[in-house]
Amino acid sequence: MRKRVVVTGVGAVTPLGCSAPELVDGLMAGRSGVGPITLFDPAELPTRIAAEVKLALPELVARSASAGGSSAAASLSLRDRKIAFALEAARQALDDASRGGTRPGGEQGGLGASVSVGVGLELFSMDDLARLRAPGFLPDPHASPDERLAFLQTPSDLCARLISRRHGLLAPPLVLVSACAAGTDAIGAAYRLVAEGRRRWMLAGGTDSMINPLGVAGFCRLSATSTRNAEPARASRPFDRRRDGFVLGEGAAMLVLEALEDAHARGAVVLAEIAGYGCSFDAHGISEPHPEARGALQAMERALRDAGVVPGDIDAINAHGTSTPKNDPTETLAIKRLLGDRARSVPVVATKSMIGHLISAAGAVEAVASIGCMNAGVLHPTINLDEPDPLCDLDHVPHVARAHEQGLVLTCSYAFGGQNAALVLRNARLVPGGQA
Amino acid sequence: MMTGAGGDAREPSGAGEGGSAGEGWVVTGLGAALGAARTAPAEAAGGGEGGARAALVEGAGADPSPWLKVKKSRKFMGLQDELAVAAAGRALASAGLGGVALGERAGLYLAVGYIPFEASDIDPVLRGSLDDEGRFSMPRFSGDGVHRAHPLLTFRCLPNMPAYHVSVNFDVQGPYIVSYPGPGQLYLALDEAEAALRRGDIDVALVLGVTHQRNFLVEHHFARLEPPVEPQLLRDAAACLVIEPASRAAARGAAVRVFPDGHSVAYEPGDSLLPLIESFSGGAAEPPGEAGPASLPLRLWLEVHAPPAAPSSATGPRARVGHQLRSRDGIRAESAWVIP
């Protein structure tokens, strides 16, 4: 018997603010989080803009440390931004889920609970590489184990271990690396684990920061990122005719997932239901989507089937919407194939127009955005959509937020390499005992 | 009987249980690929066994060419991609599914190791990025160093690329998991494959572990652990299990290579990385070294295709084998298997 799985807490660290309410407020206002890169000097790189998390890292680490934990967590967080983001988003999500006075899991706490996290690439430091290759280099004999672990390359799975440790999660973590689909996959996998009784509750989400020399340069080498350096706030323009690539963002989001009956039993506030999940492979091109959008369509159809709903039930879509020449028309085609005649009447928004592409965190942050908008009865806008691409002719809610009741929202992520993932989110008002 | 990762009590998997939901699954195909360049066959076979194992290992090279739909796609492939495709290709052939486009009803459950970087790839970038005092210089990196990187480097090291290459060459369109980075995560991928079969989402799953470790960056990682892991103990390997419901295997006349007899996964999050502890109770010879997420399927592959000893009985199971590990990330896993 499959259990209904609900979201009872959310946390977010994003370019629009370091909490879920700040994120949603910023999105509703149509504010861009994109600006010149400040985390390092991008010098002559073709792309010199990104959507950075604005809060200073020590402040963020101090906030997350209020949940307890070791000095190892703090020192690794200061070294690798995505670890800091994940720890803080996890703290927020658990605090949010504990508003009623009881924590997820009740007296059993983290027994049978775990984290499922989509993580970005290992942090690789060119500065450290230069030191390592310098004549006469000797490792610091006094370096702590954490310092050794963060020198040159920081393993990405550390954040799962640190979250588990800090919050006493005693079931095995899932660490997913399906690139741009990883955040959505992590939530989907966690949903399945809770629904099938294989976990009691879970922290699920994604974290990433590739705003570093090698990360930005790597995307530049692929000509994947926007070079609209003179107009940072206007650079991410999903579905617009003049889009020229995505804008790199960074951040994290975590959600607390638990069975509806457990949420009720402890008096938790239900924010949304994860109603369905689907994923698929394009099995097509290494850097281009299937020309008939086969994989994207399969992922969405599987998510709907899993939720027991039909395309006609969907009230809005949070698109992958990267602002790349290849993604946006193919995604539009997938939505048209899914919704048929209804395609032009279902709003399709692109969160990335304001916060850029958070890669492995994107799906998780967009799920938090979708939940916030769904509960507010408002769709955030797709900004910078000045001149819609004729191949992207859906209702993308240009420029300004719109009142729109949403019972079911589909949120989608598609990865470079052909992994596609989709979630169906149900409004808490449609869930027994959900928030009014 | 052991239980799954969540600690739920489940019936043991096995052949002959009816129904599409909750029925047992079996292993109908196994395949492996080893990075031969730095691994002598005899050593990889598990010192002293020689013979059949050495020959088996020698035949399990990383060349993916026989399975590539588009030969020129190899330029996009790093060693981990090649290993993954070769292991999957051999496993599918072993399952009688060679040359079959798997389609929507096949899933891929992949655990991939740490991101590989060869010194030969990164050193030219560094040389073009140093200032006069030998420090990293962003202006020089952006003006010179970055242009020295191989244009396809990104494709060759991303951790989701083995999944791409397997999906495209065997037409896997079903669901997936791409987990990372140690041998414990393979068990979690196996759990998800088993669950997808149980739900009826798929008819067949590829459970694949792959790791490219004999390179500058991954060797650096293992050298800093306590105790350090010597590079020669690290293996470049991929190994794949093809698993499917017992009824489907029987219906298509597929030979059962291995029956699962339960597995369990537990977790003990620590503050520091732990030493890896791993054992396999099957063959007389242990493959030396660490194969990361490929470890379990690699050992099963060796047991099935190059058994270390004669069958214990003419009528009973040929071997009962067990695998136990505690990985550095705190995952403890064990599994039991019966080789008919």
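**Two chains and what holds them together**

Let's start where the chains meet: chain A and chain B share 5 salt bridges, a salt bridge being a side-chain nitrogen of Lys or Arg within 4 Å of a carboxyl oxygen of Asp or Glu. One of them joins Arg148(A) to Glu226(B), with the closest N and O atoms 2.4 Å apart. On chain A, the largest share of the side that touches chain B comes from helix H5 (residues 126-133), with 6 residues; helices here are DSSP runs of H or I with at least four residues, strands are E runs of at least two, and both are numbered from the N terminus.

A word on the ground rules. This is a predicted model, in which local features need pLDDT of at least 70 and side-chain atom pairs count only at pLDDT 80 or more, while totals for chains, interfaces and linings use all residues. Residues are numbered from 1 along each chain as its sequence is written, chains are lettered from A and ligands numbered from 1 in the order in which they are written, and side-chain values use heavy atoms, leaving out hydrogens and water.

Back to the meeting place: 73 residues of chain A are in contact with 77 residues of chain B, where contact means heavy atoms within 4.5 Å. About 6,300 Å² is buried between the two chains, and carbon and sulfur atoms give 62% of that. Buried area is the accessible area (1.4 Å probe) that two parts lose on being put together, summed over both.

Now look inside chain A. Arg2(A) and Asp306(A) form a salt bridge, 2.6 Å from N to O. This pair links distant parts of the chain: Arg2(A) lies in the segment before strand E1 (5-13), Asp306(A) is in helix H11 (residues 294-307), and they are 304 residues apart.

Over in chain B, find the open sheet of 4 strands, which pair antiparallel in the order E6-E9-E8-E7; two strands pair if DSSP finds at least two bridges between them. Strands E6 (259-267) and E7 (277-280) of chain B stand at the edges with a single partner strand each, so one side of each has no neighbour in the sheet. E7(B) is joined to E8 (residues 319-326) of chain B by 4 bridges, and Glu278(B) stands opposite Leu325(B) in E8(B).

Pro227(B) sits in the loop between helix H9 (216-223) and strand E5 (237-245) of chain B.
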